Structures are given as C-alpha cells and as structure tokens.
Amino acid sequence: MTMAAATPTILVIDDEAQIRRLLRITLEAAGYAVVEADTGQLGLSEVPRSQPDAIVLDLGLPDMSGLEVLQKLREWSKVPVLVLTVLAAERDKVAALDAGADDYLTKPFGSAELTARLRAILRRAPEGDEPSVVSFGDIQVDMAARLVRRGGAEVRLTAKEYAMLRLLVVHRGKVVTHGQMLRELWGPKAEENTHYLRVHMTHIRQKLEAEPHKPRHLRTESGIGYRLVED
Amino acid sequence: MSDDRPDPDALLASLNREAQRAKRGKLKVFFGMCPGVGKTFAMLRAAQQELRDGVDLVVGVVETHGRVETEALLAGLPVVARKQIAYKNIVLTEMDLEAILERKPKLVLVDEFAHTNAPGSRHPKRYQDVVELLDSGIDVFTTLNVQHIESRADAVRQITGATVHETVPDSVFGLADQIELVDITPEALRERLSEGKVYMEGRAAGAAENFFKDTHLTALRELALRFVAEHVDKRLRELRSVGTFKTVWRSGERLLVAVGPSPSSTQLVRWTRRMAASQGASWIAVSVEGSSPLEADAQRRLEQNLSLARELGAEVVVTHDNDVAAALVRVALQNNATQIVVGKSRNPRWVDTLRGGNLVDRLLRTAGSIDIYVVPAERAAGSPIAWLDWRPVKASPAHEYAEVLGVLGALTLAGWFVVPHSGYLSVGLFYLLAVIAMSLRVGPGPVFVAGVASALTWNFLFIPPIFTFRIARFEDGLMFATYFVVAVISGQLTARVRAQERNERMREDRATALFHLTQALSSAKSLDEAVFAALRQADTYFGAKTALLLDDGNGSALMPHFAGSFTITEKERGVAEWAFRNRKKAGRFTDTLPSAEGIHLPLIREDAAVGVLILCMPRDITLTLAQRDLAESFATQLAQLVEREQLRAAGEREKLLAESEKLHRTLLDGVSHELKTPLAVLSAAVENLAAADDATRASLADEIRTATRRLNRLVNNLLDQTRLESGALKPRLDWCDGHDLINAAVDGVSELLAGHPFETDIPKDLPLFRADSALMEQVIANLLLNAALHTPQGTPIFLAAGVDRSRSRIFFTVADRGPGLPEAMRERLFQKFQRGDAAKAGGLGLGLSIIRGFVTAQGGEVVVGENPGGGAVLTVYLPFTSHGLVPAE
C-alpha cells in the first residue's frame, strides 16, 4: 500500500460510454483514479497492467457476461469487485456474489451510494490488521473478547446469533448472502433453510435494534441477504 | 344487356379452372388410329426438340419394340430406370413413379397411356400415374390409340371384332392440353406392316391381318379423326365459355342414366356419355338399391358400371327405393335432369304386366315433361335371363319351407276333424288365413309354396270328389281358382309390403345414423369431443376401426387424432397421405391402392383437404354402396366440423389481434405521454440549471430527482408487465419476513406517501411465510403507490398484515379514504392500462395488473373491497404454512 493508498485506482468495465463517463466524473470527484475498459476481454487484460484497487463491473457486457469475467478474474486475483446490475435480477446478483463479487449496486444508483459501497469494499485490510472492536450506533462488538454491548450493557447472544453477527461485522458495509451465511454457520447442506436466518435475525434485532421491526443497522437485502450498516 | 353480364359464380369457377390448369403440368397426347402409325417416333422427335431447347426432361417409359429408327431417337435422352416388380415368379418392369416425382423434371415421356400396371404398383393403371405427375406440376408426353378411349372401345370392337381390354376414361383424356394426331394413310400403314415395322402385342398373325384390313383401317382412321375433332370442338367451347363467361352447358340439358349390375348397363353408360358429349350436357348415373341386397358378384358388376360412369365424367347418385321408376323420376327432378336414359326391358311382357307394367311404361306415366330414351341392349353372352331377376336374390332358408309345410300339415289334420261340422269351404278360408299369416313371417318363396300346396291339398282332400284333383261342380272350380289367385297374390303382396318396410327401416337406419352424427357433432363443445363422438358412431355403424388424421395447421404433416380406435401402420399412412395430397379417396373399394387395409376418405374443404378419415374393417366384411355413401357423408360432416373449428379459431385469432392492436395503441399513447412528461421536466430543468442561483438550483435538482424516479418506476412497471406476459416469470419461493418486505416496500415509495398520513398495523410476531420476496416487495409497493396516486393529498393510507390461520393464508391489506371503487369497475381494474376515473397523472394503469400477476404467480389472490366509511380496500392473500423447526444451538 504505497502510492495506491493515496489515490486508489478503480477499473470501470462497462460497454456504455455514457455510464463510463459518469462514473469517471463521480469517482474522480471522490478522489479515485479511473481506468476504463469497454469489453470483458479488455477489462481482464487491464487488470495486470494497471493493478486496480477495485473493479466496477457491469454484468451485461457485449462480448462475455460479467459473470464470466468475474469467474476468470477470480482464478488469479482477489481484487475487490463491485457489480452493477439492473433491477429484477436477484438471481444474477446472487450468482455474482457467489462467484466472488464483493458487493452489488442496482441501476439506476446515486453517487453517494456508489462511493459508500466502494469505500466498504476497499476497506479490506491485510489479514491481522482487522480491528478487534467494531462500533455502530450504540453497539460495540468486541471480537477478541467475544462480547457485545449495547449502550454499555452487555447483551447476551446465543452462539449462532453471535456467529451471524460476527460475519456481518467482519463484512460490515457489504452484503452477505443467505448462502454464505448458511454455509458458514450450518454447513453446505443447509443452504435451503433460509428460515434459520430469518428466525435468528429476528432475535438478534430484538436484542440490538431500538425498533426491531424497522432495523437501522441490521438491514435486509430482499432476496439476497443481509448488510450491516454502520451509521 | 344485363344478360351478358358475367355471372360471378361462373366467372369464379372458370378462373379456378384456369388457375388449376396453370398449376398442373401440361399433357400432350400423340394420338393415332392404331398401332404402327409412328406415335412413339413422333413423341421422341418432339422430345429431342425440347431437349435442344434446354427443357429438363426424362424418359419415364418408352417402348421401342426393337425398331432401329426409334431407338436412334432415344439416344441422348436421360432415362429414369424402371422399377422391378416381382410377380408370381417373374419380374415385371414398370415406370418408377416415385423416382420421377423425386427427380421433379419439367417434362416426362410416358409411352402407352392405356397400359395396365403390374399388380402391386401404386396405381392399377398407368394413366393414374400420369395424372399424379400432372398434379405435381410435371408436363407429360404420352401416346394413345383411339381404340383405347373408353367411349370408343365399343365402336372399335364393332369395327374390328377385337375386344380392347386396356382403356382410358374420357375424363382423363379430357385433361390433354394438346393433342397431336399422328396420321398415316392406310396404304402406307400396310406397307410398314409388310416391312415388319409394326408391333402388335400378343396377337397372332391372323388376328393382326384381320385388324389391319383396309376397310377397318379406314373406319378406324375416321373414328380417330372425328374423335380429335370432337375434342377440339369441346376445348373451343370451353375456351369460349372462359371468354364470355357463359355456362359450359349450352342448353341446360342434363341426362340421367339408370345403371344396374347387368353388362347392358355398361353399354348404356357409354351411350349416355356419347349423347351427353354431343349435346354438351352434363349427366348423372343413378343406381337404385332395392330392398334385398345384391349378390356379391352383381354388386361388383354394379360398382364397375358406376365407376365407369364416374370415369366418363358422370355424377353418380345412389338412392334407395323399391320402385325404380319413382326413384329415377325423383332423382331427375332433384337434379334438374331433362332426359332419362333406360335400357329396353328384356322381360317377357307377362312378367312386366304382373309387376305393374314395365319400367318404361311406369316412367312414361310419371315423368311428366322429362324426355325418356329407351336404348335397346344387345344381350351379352352368358348374361342371366332377365325374367329370373325377380327371384329373391337371397334365397329363404330351408327351415322356412319346413315351417310352412308343417303348419299346412297341422291345419290339414285339424281340417279333417272339423270338415264334417263346418263344410269344406270354411277349411279353404282357414288355409287362406294361414297363408296370409305365414307371409308375415317367412320369405316370398315359402309363401308361394304355401299358396300352391294349400290350394292343391284343399282340392285333393276336401273339395268333392275327394282324393282326386278333379272338381265336380262349377262353383267349386270357381272357388278353387279364386282361392289360388287370392292366396298367391295376397301372400306375395304381404311379402312385398314387408320388404318395403325393411327397406324403409334400412333407410331410416342410415338417416338415424346420420342424424345421430349431426346431433353429436352439433352438441359437442369442442372439436375433440365432436371427433370422439363421430368416430365412435362410425365404429358402431360400420363395424370398423376408425382413425382420423388431421392437418397440423401448416399443411405439412398429418397428425393422428387421439380419438382414433387404432394406430395406423406406415403403409396405411402412405395411403392416407396420398388421399390427402390428391384429395381423392384411396385404399379399399377404390381405384387407388385397393390392396390397402382401410378405406381412406379425405376430408375436403373448398380448396384443400383438412384431414383423412380411415375406416378399417376385417377382410371378409365389405361395405355396401349405401354404407360407403354414408361413410363419405361422415367424412363430409367431419370436414365441415373441422372447417368450422378452424374458422372459429381464425376468428378468435382475428379478435385477439384486433384487441392487441387496440392495446398497442393504448400502450403507445400511454407510454409516450408517460415518458415524455418526465423527459420534458428533465430537459427544462437541466437547461435552467446553469443560469440558476443556489436556491433555484436546489429546487431544480428536486424536480430532476422526482422526474427520474417517475421514469424509473414507469420502466420497471413496463419490464414487470413484459416479464409477466412473456411467461418468463418464475417465482422463487423462499422464507420471507413480512416486516422486512414492508420496510423495503415503504422505503421505495416513501416520497409519494409523504402527502398522506400513513398508519400500519402489523403484528410484532408476524410469522415467516413462503413467497418470492422481490415480487412481494413490488406487490406491497404497488399497493401503496396505487393508494397514494388515486386518493387526494392529506387522506390517510392504512397498511395491515396478518395470518388467517383457519384458512391457512397470510394477508396484506392497503386501505384508503379516497373515492372508492364502484362495484362495476372492480374486475376491469386488474386489466392492463386501466386507470381509476379520478386518476392523477403518473401511471400507466399497469400497477394493479402487475399486482395480480405477481400474486397469482405465487398462488395467491387479490380482493377488492369497500372501506366502511368510504374508500377502497385491496387485500392480497398468499397461502401460508409454518416453517419447520430451527435446530437448537
């Protein structure tokens, strides 16, 4: 993390010139350097050349699907990827996330949303550098001590509730899919049992959220998963 | 002047004929008076010319009979190899029709038009092959002698004494577009004959000598020339009819010929055809079926006669009546026939008189203004003597005779005891009573025997002097004679009444069968149901297995209908396809592929076949003419049905098309309005942006945001609707949290809800339920949006959810205090592009249609109701089941 840390480089892979221009304006205004590619092939060859810190990838490309680009990329690179999709394609979003995308954004989107997501996926620090205590709202999660406090008072969570919360905290700001959570917490055979998640999430929200039915931090991404929103 | 105006029907008919002719191949006949005139030679020379002109031609079959000049002409012409057909240990070669059809040349040479094909060929006759070639648009050159023309065969036989076996129907010859008469003088021909250049198949030298006699040749030549002239004249007339649109039948004359099984009927048919041709009249051949069925042999001869008539161009009518004369007059009147042709009776006068006058007399009495032609028939050798014809064809069984004699015996015994008390006269009355009573039970033969036997017994045993056949007193003699006549005649009369009754019953049976069919067809709710009913009817009536093949709609393949009672074999399928393509019946009882198992009747609509009805019955069962007639009626009825169904479907499509056109217009109007409004806002706001001060800029940005959201909403709705309509919508059911869904939905429409006080009533413990979360989020958002758009600002909107456990469903309700929804509007509401009457701008009317589509796709329903105290209530119900256990930690 030398020069790149000062001005992170974002590779934008999208076939629409207007979207690329808009992204360039938005991203440069937010302090990023921007590299563009208009096909999946060019995009892939651009990765080793310009060593981007993150990639914004459109799922609908003319030469190969964004999903393919993602799969190829993940064979040799861990660079964070934010995919852009159109609405009404939950399946594509889940597929992209499962294929290794770090987050998604639905078109049309606002620039604030875009920079927030980028910040979240860029924050991934080298292993070990992860802070052991993360706070959001009046909640503190101390992962070293395996302790959760709300307004200073300790909140008792069951093992599964804590594991779920921890997963969201580690990936805070990013979406965690149902599949990811179920695999991690219940093993690969439990992927269909999304009601486990719903039930546990209800309990976690009741313990942590001020208005459990209108959660501020532990957000649901319809049909996809959950996201921990810090502010 | 009005008389010269073309009759539109005639115009259409002649145009059709022309169109038909344009599509089919052209037939050119090289026509001669007898073998050896050089027809094949002329044909090959013409073919060489065509070949030089670059015409794609092949030789289908040409017989050179080893003549060198002819063989030389064959050189250079492409030949399609003949097909080998094994028949009774020998191999016959025939023209390979399939190969030629496959090859599809422009022109085929087919020698010897009248040739009979080897058994096992597709058609029994070569001219049928040629007709098929023409039908598939291939031109044909062929050769023919005058002796092979059906209607001239008799004349040739009378001239030369030689019977001609291979004949071509006049109607087929009538297909010829061009006739080239290959003429040669008798002298020249005899010269060729002496040089050995003439080949006559299988004919002894003596017979050939006789055939080629000068006088014969002259007569044959005249016959040939006249025939060609007549044909040309007919073509001319036809052409003229195309030109001036007058009917072909110049005089409106119509001939009717009575056809029976006798060989003289064959001549009668030919005579009538000649008569009709020379008058330019149409003609009908009528067969009258009596009460008793014909013997198999007679039936076959009758069919031959009828099919000859058909081939010679007659319309064939089969009717049922005991009274032939009445039947003929009836058919004549029905068909506007002006002349009736019958054969001269060969019955002895007394037979005719006994039977109520002969046919001619009865016709003359009843025919009114219809002319009657009586044509003398030469009796062909071996034909049955006509007066025997009145015998019942079906002999009564022996037990009937035994029964009759038994009854008479018993009566005689009883009479023997009674006679001392009552006298012999009353015994006679008993006998009479018995004879008449028996005639109600047994056939006319036994009745006749009973009459005669009882008369003799009465005389012998009872009329004095007894034990003699002598009658002493004059009164007794008179009595005996009267008895005899009364017994025989009343017995026969009763028998005839019974026969008539039976006939009537048979006719009624047929009528009933047709009636049942029509009824079944008209009461059926769908085509399938009707076909099913029709086929079952056919099964029972004909004792046959039935199958129906229907056109798949593109006219390319025949699909078997499921209602058929058997699966047809590949071979039968081939026959069916032939019948379908050629729009002619085929298979058993027909001229085409008669060796097939079933009879194949095409369902013919005006200009095309729509399917094929196949009746398949055991070999030993034959259908009578009347039954075949009925089978064809079945086919006609089915064709009408299928056509009706297709028309209905076409109408439906039309309606649908009109509807979708209307829809498209609405959509276009709506979409252009809906798209352009936010676009106009956007472009105006963006233009003003640069010059605006900070405060204005903020409000412009607000406008831009609103317009963008509106555009986004619109596009989403259109996409959703498209997804619904394309059937691509496949809900992914998963466990959903109602609170999550409602939060997401409310977030999405919060801006529009801002003007309305918004209340919710959602139980804290709302259980999880299975649904497609994305679709449900849309549904709830659309419900809220709908309420927000259609109610005045400031009126509250209320959202509730809950579980109706008794009915296993979960519900989401949105209520408002707007104008409400009148009952009449509610169903219409869910159709596309429907907007409430008080709709504010900002919607295409797709919202509710999408709600319903999404909810239905997930197995739920949408209900519209009235909010007590004003406003509308929309409730979405989804099926509800509890989720399984969540494992403990």
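Visitor: What makes strand S1 of chain A largely enclosed by the rest of the structure?
Guide: A residue is buried if 20 or more other C-beta atoms, placed from the backbone, lie within 10 Å of its own; 12 or fewer make it exposed, and counts in between make it partly exposed. In S1(A), 4 of the 5 residues are buried, so the strand is largely enclosed. This is a predicted model, in which local features need pLDDT of at least 70 and side-chain atom pairs count only at pLDDT 80 or more, while totals for chains, interfaces and linings use all residues. Residues are numbered from 1 along each chain as its sequence is written, and chains are lettered from A and ligands numbered from 1 in the order in which they are written.

Visitor: How many helices and strands does chain A have?
Guide: Helices (H or I, at least four residues) and strands (E, at least two) are DSSP runs, numbered from the N terminus. Chain A comes to 9 helices and 12 strands. Of its 231 residues, 36% are buried.

Visitor: Why are S1(A) and S2(A) called paired?
Guide: Two strands pair if DSSP finds at least two bridges between them. S1(A) and S2(A) run parallel and are joined by 5 bridges, so they meet that condition. Leu11(A) stands opposite Val35(A) in S2(A). S1(A) is also joined to S3(A), again in parallel, by 4 bridges, and Ile10(A) stands opposite Ala54(A) in S3(A).

Visitor: What makes a right-handed β-α-β unit in chain A?
Guide: S1(A), helix H2 (residues 17–29) of chain A and S2(A) make it. A crossover is right-handed if, with the strands pointing away from the viewer, the path from the first strand over the helix to the second runs clockwise.

Visitor: Why do S2 and S5 of chain A stand at the edges?
Guide: In chain A, 5 strands form an open sheet in the order S2-S1-S3-S4-S5, with parallel pairing. S2 (33–37) and S5 (103–107) of chain A each have a single partner strand, so one side of each is left without a neighbour in the sheet. Neighbouring strands of this sheet are turned by 20 degrees against each other on average, direction ignored; axes are lines fitted to C-alpha atoms, for helices over the stretch in contact, and angles run from 0 to 180 degrees between N-to-C directions.

Visitor: Which strands does helix H4 of chain A touch?
Guide: Helix H4 (residues 66–74) of chain A packs on the sheet, touching S1 (9–13), S3 and S4 of chain A. Its direction makes about 150 degrees with that of S3(A). Two residues are in contact if their C-beta atoms, placed from the backbone, lie within 7 Å.

Visitor: How do you know whether the length of helix H23 of chain B agrees with its number of residues?
Guide: The expected span is 1.5 Å times one less than the number of residues. H23(B) (residues 694–725) has 32 residues and should span 46 Å; its end C-alpha atoms are 46 Å apart, which agrees. Its buried residues include Arg710(B) and Leu714(B). H23(B) is followed by Gly727(B), whose phi is positive, near 75 degrees.

Visitor: Is Asn582(B) buried or partly exposed, and what makes it count as that?
Guide: Asn582(B) has 17 C-beta neighbours inside 10 Å, so it counts as partly exposed. Asn582(B) lies in helix H21 (residues 570–582) of chain B. The C-alpha atoms of Asn582(B) and Glu132(B) are separated by 7.9 Å, although the two are 450 residues apart along the chain.
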